[in-house]
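Open the model in your viewer and keep the selection tool ready. Each stop below says what to select and what is there.

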Amino acid sequence: MDKFVIRGGNPLVGTVRVSGAKNSALPCMAAAILTEEEITLENIPQVRDIDTERKLLASMGAEVDFGTVSSQHRTTISCRTLSDPVAKYEIVKTMRASSLVLGPLLARTGMARVAMPGGCAIGGRPIDLHIKGLEKMGATIIQEHGYLEARASRLKGAHLVFDKITVTGTEDLLMAAVLADGETVMENCAREPEVTDLAALLTAMGANIEGAGTSTIRVQGVSSLHRATYRINPDRIEAGTYLIAGAITRGDLTVAYCNPDHLRAVIAKLEEAGVRIDIPAADAVRVRPGNGLFATDISTEEYPGFPTDMQAQYMALATQAEGVSLIKENIFENRFMHVQELVRMGANIKVDGRTATVRGPAKLSAAAVMCSDLRASASLVLAALVADGESILDRVYHMDRGYERIEEKLRSVGAEIQRMGNVFAPRVPAAVAD
Ligand code: EPZ
């Protein structure tokens, strides 16, 4: 099982390039199911979840190019025939976002057999809102043996109101609606940029969508969709993670190929904490030290609020801030798995329900720590970058799910980080989804 060895203390200086957004690429790849023609996606990140999605689509009968060295950030998918519209548990258990194929399979083939994703490290991760919306559009869905069996002769347009804001729920039902008979109005939708990315691809494929990126999305169903080529937006969470890497090491780091507009809440919070932020170009953000690092409170919210996917990373920074920071996690019920590992490195953090109280600054000392989920892993990398000594991070396969070549990118701006592969270890068990 691969580990990272990180020696803390170096300020990060230079420029890192952000990859395409994993959470845009996943729904966009699933959208290929909606047409017989070829979909080409560019700026795809080379991360484990993307490979899992490629395997999932191929297992259903899609022709998927797995990216060659020259075109490793591009993928071409043709779902001319879907011989086996089943999302098998062996694949779904490693990536819960596989539920994103449910809506497209129903819309394209009238049937779907999708393993229930099950829970994961950060919470129960139900998909009841996906099911409720599809049933309102005329699908019959039964759950048995851990699978959803869904059928629909042809989905009908409907007026849907989400009980809770759900990102993949919005994406799943948007993909169901574009081929449905008639108009679908979806209210209380997620406004994340990943939803807007998906809507842009679907529109390029011939869909009729209004309001993506707002709480109300209106879709006029069409009879078929066609080929398209689409470039995925930059990953705002990867970008935010590197902004914090620059801030926590008191370096001078430019995060390039990102979209500052998608980072407004994170940038505002970093400035409130005393970090100096500049926007030197339309696709770049630069962080430098200000006159100190000060405690601030965060409360995770749906976009455009402070993202839950940045909570763990921000907590690492808060351990170095002067004062008491209150960190409230409103989206997931168990997203403090990083706390105990940070405490083992010397952080002063107390958790009470969904609120963590962080007292700083705390001198962090290097330790052997365990990664538990994608963003908790990022938090431990950030802490190790300032800890005194050499930290060992185990189970970094969690990182590999969503961060492309993070050790190379960090090394390129001065971090002392190495990946230690244990060549004699058995194949890494499929990572539990998060
Ligand atoms: C997406 O997950 C992201 N994953 C997550 O990123 C992200 O943390 C999350 O949105 C919130 O922003 C992908 O896009 C692949 P939700 P998703 O449905 O869609 C509840 C990462 O680190 N809910 O918006 O699964 C749910 O339990 C990952 O990259 C229901 O109750 O999250 C949660 O409390 C982690 N019923 C809340 O809604 C449902 O049917 C928001 O979940 C669906 C969701």
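## Stop one: the largest cavity

The lining of the largest cavity divides into seven nonpolar residues, one polar and no charged. Here Ala, Val, Leu, Ile, Met, Phe, Trp, Tyr, Cys and Pro count as nonpolar, Asp, Glu, Lys and Arg as charged, and the others, Gly among them, as polar. This is a predicted model: local features need pLDDT of at least 70, side-chain atom pairs count only at pLDDT 80 or more, and totals for chains, interfaces and linings use all residues. Residues are numbered from 1 along each chain as its sequence is written, and side-chain values use heavy atoms, with hydrogens and water left out.

Select T241, Y242, A245, A378, V381, L382, I406 and L410 to show that lining. The elements that give two or more residues to the lining are α8 (236–248), α12 (374–384) and α14 (406–411). Helices (H or I, at least four residues) and strands (E, at least two) are DSSP runs, numbered from the N terminus. About 40 Å³ of space lies in this cavity. The count is three cavities of 30 Å³ or more.

A cavity is a set of points, on a 1 Å grid over the protein atoms alone, where a 1.4 Å probe fits but cannot get out; a pocket is an open set with protein on both sides within 12 Å along at least five of seven lines; lining residues have an atom within 4 Å of a point. Grid points are joined across faces, edges and corners, and a volume is the space filled by probe spheres set on the points.

## Stop two: the largest pocket

What volume does the largest pocket have? It is about 1,000 Å³. Select R125, V167, T168, I331 and F332: of the 44 lining residues, these are the closest to the pocket's centre. Next, colour α1 (22–31), α5 (128–136), α6 (167–177) and α12, which each supply at least two lining residues. α1 gives the most, with four residues. The pocket lining divides into 17 nonpolar, seven polar and 20 charged residues.

## Stop three: helix α10

Select residues 311–318. Is helix α10 mostly covered or mostly exposed? It is mostly covered: eight of its eight residues are buried. Buried means under 20% relative accessible area, exposed over 50%, partly exposed in between (1.4 Å probe, protein chains only). Among the buried residues are Q311, Y314 and M315.

The peptide bond from Y303 to P304 is cis, with omega near 15 degrees.

## Stop four: more backbone exceptions

Most residues other than glycine have a negative phi, and most peptide bonds are trans.

- G360 and P361 are joined by a cis peptide bond, with omega about 0 degrees. P361 sits in the loop between β21 (355–360) and β22 (368–370).
- N43 has a positive phi, near 65 degrees. Find N43 in the loop between β3 (38–42) and α2 (48–59). N43 counts as buried because its relative accessibility is 14%.
- H145 also has a positive phi, about 55 degrees. H145 lies in the loop between β8 (140–144) and β9 (147–151). H145 counts as exposed because its relative accessibility is 72%.

## Stop five: strand β1

Select β1 (residues 3–7) with β24 (residues 416–420): five bridges join these antiparallel strands. Two strands pair if DSSP finds at least two bridges between them. Centre on V5. Its bridge partner in β24 is Q418, and in β23 V5 stands opposite I392.
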